[in-house]
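Please keep the 3D view open as you read.

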Amino acid sequence: MRIALLTGGGDCPGLNAVIYAAVKKGINHYGDEFIGFLNGWRGVLDNQFIPLTLESTDGIQLRGGTILHSSRTNVKKIPGGIEKVQEVLKQNKIDALIALGGDDTQSVTLFLAEHGINAIGVPKTIDNDINGTDATFGFDTAVMIATEAVDRIHTTADSHNRVVVVEVMGRDAGWIAMASGVAGGAHVTLVPEKPIDIDHVCALLKYNYDHGKHYGVVVVAEGCHLPEGGQVTGSGEVDAFGHARLSGIGEALAGLIEKKTGFETRSVNLGHTQRGGVPTAYDRLLGQRYGLHAIDMVHQGKWGRIAVLHGTDITDITIKEAIATNRRLDQRFFDVIDGVQAKVK
C-alpha cells in the first residue's frame, strides 16, 4: 500500500518514534511505500510532502519534535477543504492516511473518514487527556521536565524565603500539574478540574511559615480558573479550532498570594520547554508501539479508528469515542494531592 502520515497540532516528544516504527514495519513486513505530509493538514492542502524510507527515518525515534513539522489547520473551516484533501490524496495515489494528533487533529481525521477517505488516528498530547487511552506518548517526558523544574525551584525559593508559583501546561486536565506537583514535593498543587480556593491556598502556605519552612512552591495548570475572572489568556487570540491561547495564570496567582499573605511571591511559566527535547525511554517505546499497531490497523482496514493503550495492551477504539470527551482527573487523584498537602482549616 502507499501510505501517508502527518503530524497535527502541537509538537510532542515521541512523534518521531511513531513515524519510525510505522515506516519500518510497513516496509519490512508489508512492502508498503510511505510519504509524509509537511505541516499537518496544511501540507495536505498544499500538496507538500517528503518520501519516508528506511534510510530517511533511521534513528529519528531518538529525536524530539517531529520531522514532518506541524500546524493547527482546521480543514473543516476552509471552503473546499475536504474536496482539496480528497483531490491531493487521489493525485498522489494514497491508499491510507495515518494522522498523529490530539482531539482537534482527530476531529478532522474522523470527518475525512466519514467522507470516504481511508484514515486512522494515533493519539498525541502531552496533556494526557484523550479519552479511551491510559497514556499518550509525550506525557512522561513533559512530567520529567516539569518535575525537574519544580525540584530546582525549591532551592531558590528556600534561599530567598519566597513563594514561587510554577505554571505548567494543561488546558482542560491537570495530569501534568498533578504528577509534577506531587513528584516534585510542591506545597500546593492546583488543577483545572477543581476551582481555586485562594483562601485555602494561602492557608497552606501560612502553615509552612508557621512550622519553620519559610518558603512555598505552588504548581498550577494553565487551564485553572481564578476565583474571579476565569481562565487567563495571553494575547486573547484563538487558534483554528477556537481555543484561546492560555498563559499567565501563574503570574496572576502570584499577585493574589502576595497581596493576601504578605509573602514575597514570584512566578515561573515553563511553557513550551515541557514539549521540547528528546523523549524519555518510556515515550520512545510507547510511541513505537503505537506506530506498529497503526500500520496493522491500516492493513486490517480499521478506518475511522484510533490506537489506544489499555493497561499494557495497545488496541483501538473509534475516533468518535476518543474525542467525545476529555480524560480528566477524578477523586482518586484529588485524594493523592490532598494526602500530601498539609491539613488546614
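A residue is called buried when its relative accessible area is under 20%, exposed when it is over 50%, and partly exposed in between, using a 1.4 Å probe and protein chains only. This is a predicted model, in which local features need pLDDT of at least 70, side-chain atom pairs count only at pLDDT 80 or more, and totals for chains, interfaces and linings use all residues. Residues are numbered from 1 along each chain as its sequence is written, and side-chain values use heavy atoms, with hydrogens and water left out.

Start with the salt bridges, each a side-chain nitrogen of Lys or Arg within 4 Å of a carboxyl oxygen of Asp or Glu. The count comes to 13. In one of them, Arg275 pairs with Asp11, with 3.1 Å between the closest N and O atoms. These partners sit 264 residues apart, Arg275 in the loop between β11 and α10 and Asp11 in the loop between β1 and α1. Helices (H or I, at least four residues) and strands (E, at least two) are DSSP runs, numbered from the N terminus. Arg275 counts as buried because its relative accessibility is 14%, whereas Asp11, at 28%, counts as partly exposed.

Next, find Arg162 and Glu264, whose closest N and O atoms are 3.1 Å apart in another salt bridge. Arg162 lies in the loop between α6 and β6, and Glu264 in the loop between α9 and β11, 102 residues apart. Arg162 is buried at 18% relative accessibility, while Glu264 is partly exposed at 33%. Together with Arg266, these two residues are linked in a network of salt bridges.

Now turn to strands β12 (residues 305–310) and β13 (residues 313–318), which run antiparallel and are joined by 6 bridges; two strands pair if DSSP finds at least two bridges between them. Arg305 stands opposite Thr318 in β13. The two strands form a hairpin with 2 residues between them, and Gly311 in the turn has a positive phi of about 65°.

Asn47, in the loop between α2 and β3, has a positive phi of about 55°. Most residues other than glycine have a negative phi.
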